[in-house]
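Hello,

Here is the structure we discussed handing over.

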Amino acid sequence: MDSGIFITDNRLKFSQDLANRLRDKGLKVCLTSEYRGDDETKSTTTEIEWNRSSLFSLQAIPLKLKNINIAADTSVLVFDAPAYSKIYSVTEALSIDKTISDLVSANAALSLVLKNYYIKKAQGRLIFVHRDADIPCGNPNVSAASAAFARIAEETVDAVRKADLPGVQTLLVRLEGFEDEVFADWICNQIASPVLSRSPGRWV
């Protein structure tokens, strides 16, 4: 299989921009998609469906990557709170389960699957990209999910550190502001580098 990069959530403009920049550099990139119809996506980047509420869908991700001949040597999990505040704009009580399931439970499960995958292989890169919500942001569900993502990322990175495998690298990236072109270029440079910036457990 060809070396490739796995990025979460085609609904996020930052994920799309990052994927396109990496693709322009000649790298194979795959984005997760909430839903995919019978027709191939119009995106220039390959996408695979990830139903966040389905454990089966989560477990099928490695197989789906294999089927499209991509070895996800690098995975980038993106959480953009301002963007999610628009996607999950309903803040009534009935919306809480959906938001928490999609943005907390699903990301926690995916982080666990990827961490175990890379540790088993003793090789790979796991990058967490987080843009936090303003406090207050008017959307307590997304605000809580944003804080949870940061802790999930930190716990995952700490678990990888304790595994003490030089071939498994991690990176925590915090987006402050909206200079997305600069942020995307920096992450692309990190991915192109033999070694990710060494700030174990710290956001950069």
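Asp9 and Arg11 form a salt bridge (a side-chain nitrogen of Lys or Arg within 4 Å of a carboxyl oxygen of Asp or Glu), with their closest N and O atoms 2.9 Å apart. This is a predicted model, in which local features need pLDDT of at least 70 and side-chain atom pairs pLDDT 80 or more, while totals for chains, interfaces and linings use all residues. Residues are numbered from 1 along each chain as its sequence is written, and side-chain values use heavy atoms, leaving out hydrogens and water.

Asp9 is buried at 0% relative accessibility, whereas Arg11 is partly exposed at 28% (buried is under 20% relative accessible area, exposed over 50%, partly exposed in between, with a 1.4 Å probe and protein chains only).

Another salt bridge joins Arg21 and Asp185, at 2.7 Å from N to O. Arg21 sits in helix α1 (residues 13-24) and Asp185 in helix α7 (residues 180-192), 164 residues apart. Helices here are DSSP runs of H or I, at least four residues, numbered from the N terminus.

Within helix α6, Glu154 and Arg151 are three residues apart, about one turn, and their salt bridge spans 3.6 Å, N to O.

Helix α6 (residues 140-163) also packs against helix α5 (residues 96-121) at an angle of about 10°, with axes 10 Å apart. The two are therefore roughly parallel (angles under 35 degrees).

Regards

Key. Axes fitted to C-alpha atoms, helices over the stretch in contact; angles between N-to-C directions. Parallel < 35°, antiparallel > 145°, perpendicular 65-115°, else oblique.
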